[in-house]
Amino acid sequence: MRQLFLALMVCPAMAVAEPVQIAGPDGPLEAELIHPAGAEHVVVVIPGSGPIDRDGNAPAIGLSTDVYRLLAEAMARQGIASLRIDKRGLHGSAAAIADPNDVTIDAYAQDARRWVARASGIARCVWLAGHSEGGLVSLVAAQDPPDSLCGLILLATPGRPVGQLMIEQFVANPANAPFMPDLRAVIADLEAGRTRAPETLPEVLQPLFTAGLQRYMIDLFSHDPAQIARAWRGPALIVHGEADIQVRETDARTLAAALPQASRLDLPAGTHTLKAKVAGRPFATYSDPALPLHPDLVPGIVQFIDASGAAE
């Protein structure tokens, strides 16, 4: 018993995760808070595109990573608090709007600013960590930064308009060649602000370009991440996985050119899900939540926050 007591004395208890809410457009927005005692920094984690939840999972599309939960728990062990949000209209934030497709990047950014305001009551320094599309949301939110926003952590974030990135992703798979002309045409229409009747597209493309998603894509494709990034003068960390098949090295370079003050964290063999690729299993990091985070990820983030936060 005495040995157990001593072990508890030298091993502090893990901070407990708890849901928190703020006001949304029609109902509450929800996030999960992990708040280590004495935390001076808090990271607001903004999910990537699609129906991804606060943990980094989207069962409806077969995505199971736990990446955001693993990140939050690892940061908590380093004394850093976190808020992992659910996007408006989805999961814990389902009541915030009636239609989860009735959104814009600016609306997501407005929610991000609200979460920064909420986080400012948790720790003195708030950081926005946006993954993939969430990085674009973070950049837009920083156009009108709350006073407590200390910096940006851009996790596998596009540096180019997403429509062009989407074409590149499809071109990379030779099996997509038969419907590439239709894909290019519908993306060109959306970039011009025009929708297409989904039934006029090849059957394989129709789930990607439903009427609701097209409305959102018109707004999404209109944003140039690098151009938006140039307005941010504060600390920034660009995190890029060298084995990322969705966001490329050219995206990290483009963001770095737009953010000359930024630090870079390159993850050798890192995938888009911020984990190390598994030999012979190209999609394992998208479907196996038991796989750990890339070993360089959390140390690199902690080093960045410690160095940048000390200058605030």
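Entry 1, the sheet. Before listing neighbours I settled the pairing rule: I call two strands paired if DSSP finds at least two bridges between them. The model I am reading is predicted. With that rule I get an open sheet of eight strands in the order 1-2-4-3-5-6-7-8, and the pairing is mixed. Strand 1 (17-23) and strand 8 (263-267) stand at the edges; each has a single partner strand, so one side of each is left without a neighbour in the sheet. I also looked up the twist, which averages 20 degrees from one strand to the next.

I picked strand 5 (residues 125-131) and strand 6 (residues 149-155), which run parallel and are joined by six bridges. Which residue of strand 6 is the bridge partner of Trp127? I found Gly151 there.

Next I checked helix 2 (residues 67-77), which lies across strand 2 (28-34), strand 3 (41-46), strand 4 (81-85), strand 5 and strand 6. Against strand 4, helix 2 runs at about 165 degrees.

Helix 3 (105-119) and helix 4 (133-141) each supply at least two residues of the lining, and helix 3 gives the largest share, four residues. By type, I sorted the cavity lining into eight nonpolar, no polar and five charged residues.

The largest pocket has a volume of about 1,700 Å³. It is lined by 49 residues, and those closest to its centre are Ser49, Ile61, Gln169, Leu208 and Gln246. Helix 2 turns up again here: along with helix 5 (162-171) and helix 7 (211-221), it gives two or more residues to the pocket lining. I sorted this lining into 31 nonpolar, 15 polar and three charged residues.

The mean pLDDT of the protein is 94, and 94% of its residues reach 70 or more. Over residues 1-12, though, the pLDDT is below 50, and this stretch has zero contacts in the model beyond near neighbours in sequence. A reminder to myself: where pLDDT is low, the predicted coordinates should not be read in detail.

Conventions
Residues numbered from 1 in each chain as written. Predicted model: local features only at pLDDT ≥ 70, side-chain atom pairs only at ≥ 80, totals over all residues. Heavy atoms only, no water. Nonpolar A, V, L, I, M, F, W, Y, C, P; charged D, E, K, R; others polar. Axes fitted to C-alpha atoms, helices over the stretch in contact; angles between N-to-C directions. Contact = heavy atoms within 4.5 Å. pLDDT = per-residue confidence, 0-100. 1 Å grid on protein atoms, 1.4 Å probe; cavity = no way out; pocket = protein on both sides within 12 Å on 5 of 7 lines; lining within 4 Å. Points joined across faces, edges and corners; volume = space filled by probe spheres on them.
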